Amino acid sequence: VFRDYQAPSDQAISRHLEAHLRPLIAFLVQARPLAISMGHAIRHLKLKISTLPPDTTDSEARDFMIAVIDNYLRNRIELSDQLIAQHGCTKISPEGDVILVFAHSSVVAKTLIKAHCEAKKRLRVIVVDSRPFLEGRKMLDKLVEVGINCSYLHLNSVGHVMKEVTKVFLGAHGLFSNGALLSRVGTATIALLARNANKPVIVACETLKFS
């Protein structure tokens, strides 16, 4: 959108650009529920647009906003995931852990792959899945591809395998200021079973998902 953008000659770029984005953002909201991370990204873009000087040319505005997006992707998502994966590796025992994960989380997958491939830690992963989306299959494919020993089961079997588990790793859609976690349906069941079995639950969540 920013690469193709051209402002009318009689309007300030910052005002017109925000109005130009409004129907596109509305389309995103209609297409899927607005995630916390999406809301943060939209507010970040609007804030940067508001700082554009009135005499900014189209090409300067395009270059500036593309740089804003690139920096946001790099600092808030890519580097954030790398740091979480690096820190998450320290939570996995060198002697070996049996780690339970639920559905698919890209940052949890990166953490486990880093622990296996770079830190050379022995681990076995139990991938728990649920209908209707069966996202765990994507997680399973990623882990098996790098040689991690995995088991796959559905949510209704978690109570049976929890005694084998040493740690639970979960992804998140959002983390609230009171510490409450927002994630896919079934996460609370797994966390409750882990608590009853006295198993540590570790959540991998980027700051852009904080609310």
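Mentor: Helices here are DSSP runs of H or I with at least four residues and strands are runs of E with at least two, numbered from the N terminus. The model is predicted, so that local features need pLDDT of at least 70 and side-chain atom pairs count only at pLDDT 80 or more, while totals for chains, interfaces and linings use all residues. Residues are numbered from 1 along each chain as its sequence is written, and side-chain values use heavy atoms, with hydrogens and water left out.

A pocket is an open set of points on a 1 Å grid over the protein atoms alone, where a 1.4 Å probe fits, with protein on both sides within 12 Å along at least five of seven lines; lining residues have an atom within 4 Å of a point. The largest pocket has a volume of about 490 Å³, a volume being the space filled by probe spheres set on points joined across faces, edges and corners. Its lining is made of 19 residues, and R32, A35, A172, H173 and K209 are the closest to the centre. Both α2 (36–50) and α4 (106–117) supply at least two residues of this lining, with α2 giving the largest share, three residues. Sorted by class, the lining has eight nonpolar, six polar and five charged residues, where nonpolar covers Ala, Val, Leu, Ile, Met, Phe, Trp, Tyr, Cys and Pro, charged covers Asp, Glu, Lys and Arg, and the others, Gly among them, are polar.

The second largest pocket, of about 380 Å³, has 18 lining residues, and L28, M38, A41, I42 and L45 lie nearest its centre. Two or more residues come from each of α1 (13–31), α2 and α3 (58–89), and α2 again gives the most, here six residues. In this lining 14 residues are nonpolar, two polar and two charged.

Beyond its neighbours within four places in sequence, V108 is in contact (heavy atoms within 4.5 Å) with V101, M139, F169, L170, G171 and A204.
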